[in-house]
Amino acid sequence: MPRNTNAIQPNAVKAHDLDAFDRKILGVLVRDANVSYADLGQRIGLSAPAVHERVKRMRRTGVIRQTSALLDPVAIGKSLLAFVHVDTHGWGNTAELMAVAELPEVEEVHSVAGDTCMLLKVRTENSQALEGLLARIYDVPGVIATRSYIVLSAHLERPVQPDTTKDWPAPRRARSS
């Protein structure tokens, strides 16, 4: 029997089979979470109350974890985006290391395979602020090295996308005469 090596477990989400309408709802909401239930219903072909019930169910079951605002990093003074590889003694998925998730500059924390233990996505004001963040990361027990990759330009950043093509019939082909 495989041994679970994670000391900190993510919140469990119960398995839920999404139908085509659920996927379409998610596809619209991921682009614009402020859309009204009436508009959402019109876009996907359901009534507003039916859409509302489906959204409530997806929130309750954990499919929709939260609704949040996407901020413009330049507008809020955090224009430097970097990825930081963190090398640690041992497995590295410790409570102390996971506490870096509480730092406001840290957007994502991933346990990864390869030549590093953890991968962080971070945003700071400038290179001096990144240097300060790296100093705080080095203060975490078990951290032995970091490698930082500063992003020059981002061509695509987006939230998780639902597969809106599942459960939909294949498009009809035009008849040839």
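**View 1. Alanine 48 is partly exposed, with a relative accessible area of 27%.** Partly exposed lies between buried, under 20% relative accessible area, and exposed, over 50%, as judged with a 1.4 Å probe and the protein chains only. The model is a predicted one, in which local features need pLDDT of at least 70 and side-chain atom pairs count only at pLDDT 80 or more, while totals for chains, interfaces and linings use all residues. Residues are numbered from 1 along each chain as its sequence is written, and side-chain values use heavy atoms, with hydrogens and water left out. Alanine 48 belongs to helix H3; helices (H or I, at least four residues) and strands (E, at least two) are DSSP runs, numbered from the N terminus. Apart from neighbours within four places in sequence, alanine 48 touches Tyr37 and Ala38, contact being defined as heavy atoms within 4.5 Å. Serine 36 lies 12 residues away along the chain, and its C-alpha atom is separated from that of alanine 48 by 8.4 Å.

**View 2. Helix H2 crosses helix H3 at roughly 100°, with axes that come within 8 Å.** This angle makes H2 roughly perpendicular to H3, a description that covers 65 to 115 degrees, whereas angles under 35 count as roughly parallel, those over 145 as roughly antiparallel and the rest as oblique. The axes are lines fitted to C-alpha atoms, for helices over the stretch in contact, and the angles run from 0 to 180 degrees between N-to-C directions. From H2 the contact draws on Tyr37, Ala38, Leu40, Gly41 and Ile44, and from H3 on Ala48, Val51, His52 and Val55. Sorted by class, these are 7 nonpolar, 2 polar and no charged residues, where Ala, Val, Leu, Ile, Met, Phe, Trp, Tyr, Cys and Pro count as nonpolar, Asp, Glu, Lys and Arg as charged, and the others, Gly among them, as polar.

**View 3. Leu40, Gly41 and Ile44 are the buried residues of helix H2, which spans residues 37-44.** Because they cover an arc of only 100° around the axis, they lie on the same side of H2; the arc is taken from the directions from the helix axis to the C-beta atoms. An α-helix has 3.6 residues a turn, so residues three or four places apart point the same way. The cover over the buried residues of H2 includes helix H1 (20-31) and helix H3 (48-60). Just after H2 comes glycine 45, which takes a positive phi of about 90°.

**View 4. Helices H1 and H3 cross at roughly 85°, with axes that come within 11 Å.** At that angle, H1 is roughly perpendicular to H3. On the H1 side, Phe21, Asp22, Ile25, Leu26 and Leu29 take part, and they meet Val51, Arg54, Val55, Arg57 and Met58 of H3. The residues of this contact of H1 with H3 comprise 7 nonpolar, no polar and 3 charged.

**View 5. Alanine 20 is buried, with a relative accessible area of 15%.** Its place is in helix H1. Isoleucine 44 stands 24 residues from alanine 20 in sequence, and in space the two are 9.6 Å apart, C-alpha to C-alpha.

**View 6. The protein chain as a whole holds 5 helices and 4 strands.** Followed along the sequence, these elements give the pattern α-α-α-β-α-β-β-α-β. Of the 177 residues in the protein chain, 29% are buried. Among contacts in the protein chain with a separation of 6 or more, 67% are between residues 24 or more positions apart.
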